[in-house]
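Dear colleague,

I am passing on the structure we spoke about, and below it you will find my notes on what turned up when I went through it. Please read them with the coordinates open beside you.

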Amino acid sequence: MEYLSHSEAETESIGEALGKRLHPGTVLAYRGDLGMGKTAFTRGLARGLGCTGRVTSPTFTIVNEYEGQIPLFHFDMYRLPDSDALFDIGWEDYLGRDGVCAVEWSERVGDALPEDTVWVSIARHPESDDWRIITVEGVNVF
Ligand SMILES: Nc1ncnc2c1ncn2[C@@H]1O[C@H](COP(=O)(O)OP(=O)(O)OP(=O)(O)O)[C@@H](O)[C@H]1O
Ligand SMILES: [Mg+2]
């Protein structure tokens, strides 16, 4: 399904609504350029999953963990040196931990994503720099 966001807050709300629909064990993978709002979306996602803690970008840490009704593991693969590093951060363990894994720059780890990954694409709308077209594959958010 495709959604139009006019602001960062609206992107968060769409993320929150999706979070309420996800089950433990889901992997969510983003497609979208720098600054499109992947981290903003994840902030809402965390709320929807009932997670506590302030969501910040895991750019340098690769992964941030949030406790909640359903735990959130938020990855940013932008600075992942190579696919061996995925093993080092314990990717396989995260997949088995009954949380939701949300993965920014997932194209860098394409082979490691499960078959039933939920894809979320965020692209700029031609009308305005602040508008985004958000496409969620396979799940009805609202
Ligand atoms: N509709 C919108 N949705 C989300 N963010 C928006 C929107 N309009 C403007 N913005 C701005 O775009 C930026 C999005 O930043 P964010 O860190 O969430 O992007 P990102 O996709 O995670 O980038 P990166 O690839 O660098 O991690 C913020 O500065 C935010 O204020
Ligand atoms: Mg980000």
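Contact, as I use the word here, means heavy atoms within 4.5 Å. In that sense, and not counting residues up to four places away in sequence, Arg 21 touches Val 139, Asn 140, Val 141 and Phe 142. Please keep in mind throughout that this is a predicted model.

To stay with Arg 21 for a moment, this residue is found in the loop between α1 and β2, and its side chain reaches the backbone oxygen of Asn 140 at 3.3 Å. Arg 21 has a relative accessible area of 42%, so it is classed as partly exposed. Its C-alpha atom is separated by 19 Å from that of Thr 39, a residue 18 places away along the chain.

The loop between α1 (8–19) and β2 (27–31) also holds Thr 26, which counts as buried because its relative accessibility is 14%, the cut-off for that class being under 20%. A polar atom of the Thr 26 side chain lies 2.6 Å from the backbone oxygen of His 23, and, leaving aside neighbours within four places in sequence, Thr 26 is in contact with Gly 99, Val 100, Cys 101 and Val 118.

Turning to the metal, the magnesium ion (ligand 2) is coordinated by Thr 39 through OG1 and by Glu 104 through OE, at 2.1 to 2.2 Å. Thr 39 belongs to helix α2 (residues 38–48) and Glu 104 to strand β5 (residues 100–104), so the pair ties together parts that are 65 residues apart in sequence. Both Thr 39 and Glu 104 are buried.

As for ligand 1, it is surrounded by 18 residues, of which the closest are Glu 8, Thr 11, Lys 38, Thr 39 and Asp 130. Sorted by class, this shell has four nonpolar, seven polar and seven charged residues. Helices α1 and α2 each supply at least two residues of the shell, and the largest share, three residues, comes from α2.

On its own, ligand 1 has 640 Å² of accessible area, and the protein covers 75% of it.

With best regards

Technical notes:
Residues are numbered from 1 along each chain as its sequence is written. Chains are lettered from A and ligands numbered from 1 in the order in which they are written. This is a predicted model: local features need pLDDT of at least 70, side-chain atom pairs count only at pLDDT 80 or more; totals for chains, interfaces and linings use all residues. Side-chain values use heavy atoms; hydrogens and water are left out. Helices (H or I, at least four residues) and strands (E, at least two) are DSSP runs, numbered from the N terminus. Buried means under 20% relative accessible area, exposed over 50%, partly exposed in between (1.4 Å probe, protein chains only). A polar contact is a pair of N or O atoms within 3.5 Å; within protein, one must be able to donate a hydrogen and the other to accept it, and residues adjacent in sequence count only if both atoms are side-chain atoms. Donors are N, O and S atoms within 2.8 Å of the metal (3.2 Å for Na, K and Ca); water is not among the atoms, so sites may look incomplete. A residue is near a molecule or strand if one of its heavy atoms lies within 4 Å of it. Accessible areas come from the Shrake-Rupley method with a 1.4 Å probe; for residues, only the protein chains shown count as cover. Ala, Val, Leu, Ile, Met, Phe, Trp, Tyr, Cys and Pro count as nonpolar, Asp, Glu, Lys and Arg as charged, and the others, Gly among them, as polar.
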